Amino acid sequence: MAAYNQWMNERLYAAAATLPDAELAADRKAFFGSILGTLNHVVNGDIIWLKRFAAHPSNCPALAPVAPLPLPAGLNEPRAATLAELAVLRRQLDGVIVGFAGEVLDQDLDTVLSWTNSRGQTWHRQFGGVLQHFFNHQTHHRGQATTLLSQQGVDVGATDLLLLLPEVAA
């Protein structure tokens, strides 16, 4: 999932880069307003979750680069004003995610991750399920961004995970 995530973000950002900044920032009446707003939301969500994952007892060293990143004040906070600025952070986060995924052990998936959200609510969930949510969240919002780009005449191309799965002998 980490490799798919990185691959799709590269494709999505390359497609988005074909539009001028004003088009990316234009309100499209989407949940996070614009294409850029949607991409900012995904980055904010990733930072929040990666910081939570860093507190997990598995203590994965690949998560160290997220420690100095400021925690978003909200999920719709503009992290970057332009796609070019956001793309730098996106690439950094995707590298962290790939490294982190390589460090998670099978036994980590059954442990509990506890966190307190921005509303002060404390949660306790199975780590493996939370990781599924993490990747599903990105997929969901990339789908929204892909639709917004399509409405502007930009084709992201095929987005299926199936394209990354290796062919096996029958």
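Guide: Start with a term. Buried means under 20% relative accessible area, exposed means over 50%, and partly exposed lies in between (1.4 Å probe, protein chains only). This is a predicted model, where local features need pLDDT of at least 70, side-chain atom pairs count only at pLDDT 80 or more, and totals for chains, interfaces and linings use all residues. Residues are numbered from 1 along each chain as its sequence is written, and side-chain values use heavy atoms, without hydrogens and water.

Visitor: Is K29 buried or exposed, then?
Guide: K29 is exposed, because its relative accessible area is 72%. K29 sits in the loop between helix 2 (21-25) and helix 3 (35-54). Helices here are DSSP runs of H or I with at least four residues; strands are E runs of at least two; both are numbered from the N terminus.

Visitor: What is the phi of K29?
Guide: The general idea comes before the case. Most residues other than glycine have a negative phi. K29 has a positive phi, near 65°. N59 also has a positive value, near 50°. The loop between helix 3 and helix 4 (83-103) holds N59. N59 is exposed at 57% relative accessible area.

Visitor: In what order do the elements run?
Guide: From the N terminus, read α-α-α-α-β-β-α. That order holds 5 helices and 2 strands. The radius of gyration (over C-alpha atoms) is 16 Å. Buried residues make up 44% of the chain.

Visitor: How do strand 1 and strand 2 run?
Guide: Two strands pair if DSSP finds at least two bridges between them. Strand 1 (residues 112-116) and strand 2 (residues 122-126) run antiparallel, joined by 5 bridges. S114 stands opposite H124.

Visitor: Which residues make the nonpolar surface patch?
Guide: Patches take residues with over 30% relative accessible area and no salt bridge; like charges are joined within 9 Å, nonpolar side chains (Val, Leu, Ile, Met, Phe, Trp, Tyr) within 5 Å. A salt bridge is a side-chain nitrogen of Lys or Arg within 4 Å of a carboxyl oxygen of Asp or Glu. Areas come from the Shrake-Rupley method with a 1.4 Å probe; for residues, only the protein chains shown count as cover. Here M1, L161, L162, L164 and L165 make a patch of about 470 Å². L162 lies in the segment after helix 5 (127-151). L162 is exposed, at 62%.

Methods. Rg over C-alpha atoms; globule rule 2.2 N^0.38 Å.
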